[in-house]
Amino acid sequence: MTSERLSLADVKQLLLQKHGQPLQDDDPILMVATMLESYLNDLEEILGRHEAVLQEVLSTETAEYIREVKSMTEDLLERAVRANMQYTVQEIMAHQTAMNKFLDVLRKFTLIQVTCLLLTITIAMATFFSWVH
């Protein structure tokens with residue numbers, strides 16, 4: 001944050017340019033420039049300490065925020081995976097139920113076909129034997 005500062009000679013030259021009044025090296029107005037220089041040095045030191053503390057606080061808070069976001073994201077992901085797994089299991093169970101119903105219908109249809117086949121064979125044999133006798 002340090003910027004280029006004016007020396008006392010620069011201050012004297014600036015005041016001469018702005019006000020047309022030359023200053024001697026022992027002019028009391030130069031004490032103000034020295035006091036302001038000291039004030040600026042103190043202010044820069046305070047701002048430097050402030051910046052360091054602020055960076056530490058921000059880095060700590062940022063790290064905590066990142067941990068919280070990560071924890072919430074992991075929790076959300078876990079719940080989403082769990083919900084997806086439950087949905088998948090429900091879909092598999094529904095499919096299994098539908099397949100069981102289909103197999104029951106298929107068994108009944110097969111039983112009807114076998115019965116019809118046996119009935120057809122019986123009728124054919126009875127017809128055959130009735131012609132033979």
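Leucine 117 is located in helix 2, which spans residues 29-132; helices (H or I, at least four residues) are taken as DSSP runs and numbered from the N terminus. The model is predicted, so that local features need pLDDT of at least 70 and side-chain atom pairs count only at pLDDT 80 or more, whereas totals for chains, interfaces and linings use all residues. Residues are numbered from 1 along each chain as its sequence is written, and side-chain values use heavy atoms, with hydrogens and water left out.

Leu117 also contributes to a nonpolar surface patch of about 960 Å², together with Val114, Leu118, Ile121, Met125, Phe128, Phe129, Trp131 and Val132.

Charged side chains were examined next. Side chains of opposite charge can pair when their charged atoms come close. With a salt bridge defined as a side-chain nitrogen of Lys or Arg within 4 Å of a carboxyl oxygen of Asp or Glu, the count comes to eight salt bridges. One of them joins arginine 5 to glutamate 37, with the closest N and O atoms 2.8 Å apart. Because arginine 5 lies in the segment before helix 1 (8-19) and glutamate 37 in helix 2, this pair ties together parts that are 32 residues apart in sequence. Residues are classed as buried under 20% relative accessible area, exposed over 50%, and partly exposed in between (1.4 Å probe, protein chains only). Arginine 5, at 23% relative accessibility, is therefore partly exposed, and glutamate 37 is likewise partly exposed, at 27%.

Aspartate 75 pairs with arginine 79, the closest N and O atoms being 3.3 Å apart; both residues lie in helix 2, four residues apart, about one turn of the helix. Aspartate 75 is partly exposed, with a relative accessible area of 37%, and arginine 79 is partly exposed at 45%.

A salt bridge also links the side chains of arginine 82 and glutamate 78, with an N to O distance of 2.8 Å. These two residues of helix 2 are four residues apart, about one turn of the helix. Arginine 82 has a relative accessible area of 41% and is partly exposed, as is glutamate 78 at 47%. Finally, salt bridges with shared partners join Arg5, Glu37 and Glu44 into one network.

Terms used
Patch = residues over 30% accessible without salt bridge, like charges linked within 9 Å, V, L, I, M, F, W, Y side chains within 5 Å. Areas by Shrake-Rupley, 256 points an atom, 1.4 Å probe, with all protein chains shown as cover.
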